[in-house]
Amino acid sequence: MLIRRRLMKPAAVLGLAVVLAACGGTAADTGGGGGDAASGGSDAKAGAVNIGAVLPLTGSSASIGEDQRRGIELAVAKINEDGGVMGKDLNVIVEDSAGAANSAIDAAKKLVTVDKVAAVMGEYSSGVTVPLGQYLQQEGVIHMNVGSSSPEIAGIGDKSFSVIGLDTIASKFASEQLAGRGLMRAAIMVPNNSYGEGIVQPFTDAFKAAGGSVTETVLYTEGQTSYRAELERIAASKPDVVLYSAYGQDSSVINQQAFEGGMQKTPWFGIYLTMCTVDSAPATVQNQIGMDVNYVGPEGQDYQKAYEAKYGEGFASTFSGYTYDATMMLAKAIDDAGSTDADKIAAALKKLGSGYAGATGDITFDDQNQRSEQPYLVLKYTDGKVVEEG
Amino acid sequence: MGDQNPDHSRTEAGRVLVPILIDTLVRTSQLSLVAVGLSMTWGIVRFANVAHVQYAPVGAYFALVAASGLGLGVVAGSLVGIVAAGVVGVLLHLFFFRRLSSFSSATALIGSLALSIVITASIQAIAGPRPERLPLPSAPGIPIGDAFVTRAQVYVVVLTAVIFVALFLVLSFTNLGRAIRCVAANPDLASSSGIDVRRISTAVVFAAAALAATGGVFIAVDTSMSLEMGSTLLLAVFAAVTMGGIGSVGGSLLAAAILALAESTVLRIDFGAVFGSHPLLIPISYRPAVGFVAVILVMLFRPQGLFGLGGRRA
Amino acid sequence: MLDFALYVATIAAVYALFALSLNLQAGVTGLLNFGHVAFFGVGAYSSGIVALHGGHWLLGVLVGVVVSSLLGAVIGRLGRTLAADYWAIVTLAVAECLRLVVVNEGDLTGGPQGISGIAGPFSSVSGLAGSLSWLVLCVVLAALAYLVAETLTGMQFGRVLRLLREEPMLAASLGHNITAEKTRVLAVAAPIAAVGGSVYTLYISYIGPNQLLPIETFLVFTMLIIGGIGNNRGAVFGALVIQLIYAGSRFLKDIFPIPDQSASSVRLLIVGLVLTAFLMTRPEGLFAEKLRRIDVHQ
Amino acid sequence: MFISRGVGKSFGSVQVLRDVELEIEPGEIVGLVGPNGSGKTTLLNCLSGFLNPDAGTIEYDGTRLDRLADWQVSRMGIRRTFQTASQPMKMSVLEAMLCGAALPIGSAPVRGLFRRKARAAEQAAAVGKALELLDFLSLSHMTEEPAGRLSGGQKKLLSLGVALMTDPKVLLLDEPTAGVNPTLRLTIADRLKDINANGTTLLVIEHDMGFIGRMCERVYVLDKGSVIAACRPDELKDNPRVVEAYLGAPRPVHVATGVSRP
């Protein structure tokens, strides 16, 4: 009896694990998830077209990941309302990367080998997107970069597309804006991750070329409870303008402490201003200027309305727009290609990617499948709202 | 830099010292409240309870619910949140940690880590991943010289001081305090000398969780709250507890102050001025390393911690 | 599905290396190394950096083995004066400092971006053959590590380690130098984890600083506890079970109607609950440490 | 030749040993007695390297021991046992015995891994010796039991056996018979005599004066950290300082009964 009990428990745990793993098998056999919210509430039909997404739904970037997921949710609802893809429903299987490359690859492996998706969107952090894209490229699956802007992404390969303008474009735009306003001494404050790192060099180069100078570069560690030392260092360099980018908890703390320290008297220029200010107390970000993705076109306005209707609030970040556009483009490309074959989708995407009217503005791919141009808006934060300037 | 007139160097010193002081005080109050509770309960549960830092977000989110959701306002809401976190602490202690502490310290530690994951995931499932703020108006800081201090920060520092004085008085001069110290030092001995160890342990666990929650609320008052609040505190808090000497309340407070001071000072030291060259500051991204280097140094030269009582077992 | 199973098995084999290495330290010797991640970080980054400069992958593995062994000896030396829980915190601090250097010294390590596109031994083999080759390599390595760990644990070296875990005073009275033994076990265990780190990096062809977070160490501890700390077989099975739970829990949302926005937190919640429930009901793990029989008739 | 000169040791403000002078000739059995808290175990800790004295010197065969570490002292052939003979729970009696042996190949992780045969031969020899010793200590039937599960007396025997694995020149024994049942106590005393007969010098801390009287040629008496007498056991009862030291002590009776041989 004792021996049996001793054996039973390990067996039970192993059994549980095996059941968990095996359930995947049944799910795959029946053709993907039933009742997935991403399938727009309607039950997925057998033989639905599956695509995947790997997003940071837990961990320190979870607030961005959730917003990215919302973009997909809205796109799927719209597509399936409009008749789906190749006559079937579109089903997007969203997996969590926890913001780490290894679990992102876990997730991608599952999407590719179990769910047999035609394409995978992801991720947010460049440090995750690059290995994710490389894996997908190697497996011959379409990769859609929906949130990273490191220039390294351009080199992943012919199956990898970016619907977001890489940092080179954003940085160039930012430097032009600052120089145009006569703000020639800029301090940079960005997170010490691949996103932040991707801004520093391109911006510094472009800004110097435009005749400006960078007085201080602060790469801050995310998740701290105080950024006063960082802010002090910025203030000590006496810049004309603070160029910054932050999100979630960090943005709120940085803005509040800058405000408390009287630093908002210096102009602040936010890269993706909506994202930088959304979690901050309105008074602390009053009069900040910045750039953001253009949601002004007809597509953009419809999207904005849909988002507000569904979630009862304005954009939480810029990033939902990119996942929305990516999902729409992928659906259209699969429909156009009439197949889930990667090469055919890639060809269709290339064709589609010349002036495609997305929610984030017109999308055109360059010869490396990267979004070559991106219309940005110059915005100002006034009384709790981001409004277009001038 | 070069030669400066005395007046200039005085303002220069003030420019550096005042923000260091403010930063250190605020950070100390947040760290020490969480650290002290951990240090106090270490003797009772006898393992490194990783889940302890999670009382900070638990307290802060409860406070948010009470303050905004139930409309109690920030002060009453915070109190409710702190008490609620204390209750959560007691429940977890009764149902999990008491049993965990009967295992090997490694097993117990992993158990507390698993619970930590459960707590974070529960908060995320209920509150969502976005950072939240207590319903407080934002106001510009009050200038002191070149530095600024907010009213919230003043409250936080003063309240922390009051809490520590009260804690000190209770521990030193009351029967309850003596019993608590006795239980924390050696539960078996305490039990044999007629102390109701269960009741005292429960009281200590409640106090420890409530203190950590207070720290969390203070962080939320000063800035904002997020899911990651506990995990970002974890290493600093453990560093403070070990540096101070496990079980020592005063040690945790002092170690938290040292860590806070190190963090805010080292980055402001201009090594260029020391060597008479261009300004040369440590890259700010190395800030988290400051605390760790401090811990390693303290451990090398004072292996039992600042106030430890000699060699201790895990 | 087969591909995914192969992948999960390969990763489990790699994690078995991490777990076996930690078991020698924490399970056999009782050294709670909270900075264990530093060892596989050294292996991983050695492979990454060597690959970045066009070196052969074997060179990277070798560098990782040597450097990690030295690092292990240094960390072990620190244990000379420190009580167990203090030493644990110091190891954590050392590992975190290493990670911060990795994040900040981008010229050497690729910074927060990490190093990607690392070519491994089977980079040119694609499809099922590639997956199988990797699985075989990793399983062979894990088996080898198991043999090494089991031999070390069973011979006098391991016996003394086990004695100083349970009765350090007795060990000292028998002429065993505790500091030296701790230093040696770390120097021996570290390379096993480093090889794991190297292979892992070569397999997923990427390494970034997020793989060096303390949570990775705790993940390996979890494997040991679930498998049965002190038992090498337990370490291997623990790695397998945890990998199955983590990978398997991804399928939860495919079976149950969990709304998408909470699927990930529910998954994390369930992983945490399964672990907690397991520890509460079976604290000694799947395979408890057993007495070692010695053959007296040889 | 074991010599301590002027050995002193304090813990904080408490002086536990002061000016302890002690000499042990090779082959002797020397007793160390004294009331509880008189510093016997502290002295033994100093002699075995587990504590380094604050003052004075300890020499063995011309080598200074007082600055050596515990394990270094042990490797010089001076082994000790503990008052509470704890033994590992997760090891068999035989394995615990092997821990006392010196197995150079098996102890070297890399060499041991590759030289399987030499390692096995080395261990087989040690196993042989361990079995012999276990037989000698009447523990043969317990070989496969977990060492930590033995009774108190058996653990004391086992720790003696473990210490004997390397044929030590000196054995420092901290209450080898305390808490042991009378039958086993006699066994232990007999075994210690045998061990001594084989040339091992013994220093024994004991409360049982009968045991001391039966075993020892000479005895040192410690009181409040100082040596107050060094004499033959039967001289103890006539020494007024010893009698005074034991008056009011927990077991003065032993002084009276202990001196007469049973």
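1. Chain B and chain D do not touch, and their nearest C-alpha atoms lie 12 Å apart. Chain A and chain D do not touch either, with 18 Å between their nearest C-alpha atoms. This is a predicted model, and the separations should be read as belonging to it. Four pairs of chains are in contact, and of these the pair that shares the most contacts is chains A and C.

2. The interface of chain A and chain C involves 51 residues of chain A in contact with 44 residues of chain C. Together the two chains bury about 4,100 Å², of which 58% is on carbon and sulfur atoms. The rule finds two salt bridges across this interface. One of the salt bridges is between Lys253(C) and Glu95(A), whose closest N and O atoms are 2.6 Å apart; the cut-off for a salt bridge is 4 Å. The number of residue pairs in polar contact between chain A and chain C is 12, counting pairs with both residues at pLDDT 80 or more.

3. Helix 1 of chain A gives the most to the side that touches chain C, namely 13 residues. By type, the residues of the side of chain A that touches chain C are 20 nonpolar, 16 polar and 15 charged.

4. The interface of chain C and chain B has 37 residues of chain C in contact with 42 residues of chain B. About 3,600 Å² is buried between chain C and chain B, with 80% of it on carbon and sulfur atoms. Across this interface the rule finds zero salt bridges, and the count of residue pairs in polar contact is three, both residues being at pLDDT 80 or more.

5. Which elements give two or more residues to the side of chain C that touches chain B? They are helix 4 (84-104), helix 10 (214-227) and helix 13 (260-281) of chain C. Helix 4 of chain C supplies the largest share of that side, 13 residues. The residues of the side of chain C that touches chain B comprise 27 nonpolar, seven polar and three charged.

6. Elsewhere in chain C, helix 7 (residues 156-166) is mostly covered, with nine of its 11 residues buried. Among the buried residues of helix 7 of chain C are Arg159(C) and Arg162(C), as well as Gln156(C), Phe157(C) and Leu161(C).

7. Strand 7 (residues 170-174) of chain D is largely enclosed by the rest of the structure, because five of its five residues are buried. Both faces are covered: Val170(D), Leu172(D) and Asp174(D) are buried on one side, and Leu171(D) and Leu173(D) on the other. Strand 7 of chain D pairs in the parallel sense with strand 6 (residues 78-80) of chain D over three bridges; here Leu171(D) is the bridge partner of Arg79(D). Strand 7 of chain D also runs parallel to strand 8 (residues 201-205) of chain D, to which five bridges join it. In strand 8 of chain D, Val204(D) stands opposite Leu173(D).

8. Ala126(D) sits in helix 6 (residues 116-136) of chain D. Is Ala126(D) buried or exposed? The relative accessibility of Ala126(D) is 8%, so this residue counts as buried, the cut-off being under 20%. Beyond its neighbours within four places in sequence, Ala126(D) is in contact with Leu98(D), Ala101(D), Leu103(D) and Met165(D). The C-alpha atoms of Ala126(D) and Ala102(D) are 8.5 Å apart, although 24 residues separate the two along the chain.

9. Some backbone geometry deserves a check. The peptide bond from Gly122(A) to Glu123(A) is cis, with omega near -15 degrees. Glu123(A) is in the loop between strand 3 (119-122) and helix 4 (126-139) of chain A.

10. Two residues other than glycine have a positive phi: Asn369(A), near 65 degrees, and Asp19(D), near 50 degrees. Asn369(A) lies in the loop between strand 12 (361-364) and strand 13 (376-382) of chain A, and counts as buried at 1% relative accessibility. Asp19(D) lies in strand 2 (residues 14-24) of chain D and is exposed, with a relative accessible area of 54%.

Key: Residues numbered from 1 in each chain as written. Chains lettered and ligands numbered in written order. Predicted model: local features only at pLDDT ≥ 70, side-chain atom pairs only at ≥ 80, totals over all residues. Heavy atoms only, no water. Contact = heavy atoms within 4.5 Å. Buried area = accessible area lost by both parts, 1.4 Å probe. Salt bridge = Lys/Arg side-chain N within 4 Å of Asp/Glu carboxyl O. Polar contact = N/O pair within 3.5 Å; in protein donor to acceptor, adjacent residues only side chain to side chain. Helix = DSSP H or I, 4+ residues; strand = E, 2+ residues; numbered from the N terminus. Nonpolar A, V, L, I, M, F, W, Y, C, P; charged D, E, K, R; others polar. Buried < 20%, exposed > 50% of the residue type's maximum accessible area, 1.4 Å probe, protein only. Pairing = 2+ DSSP bridges.
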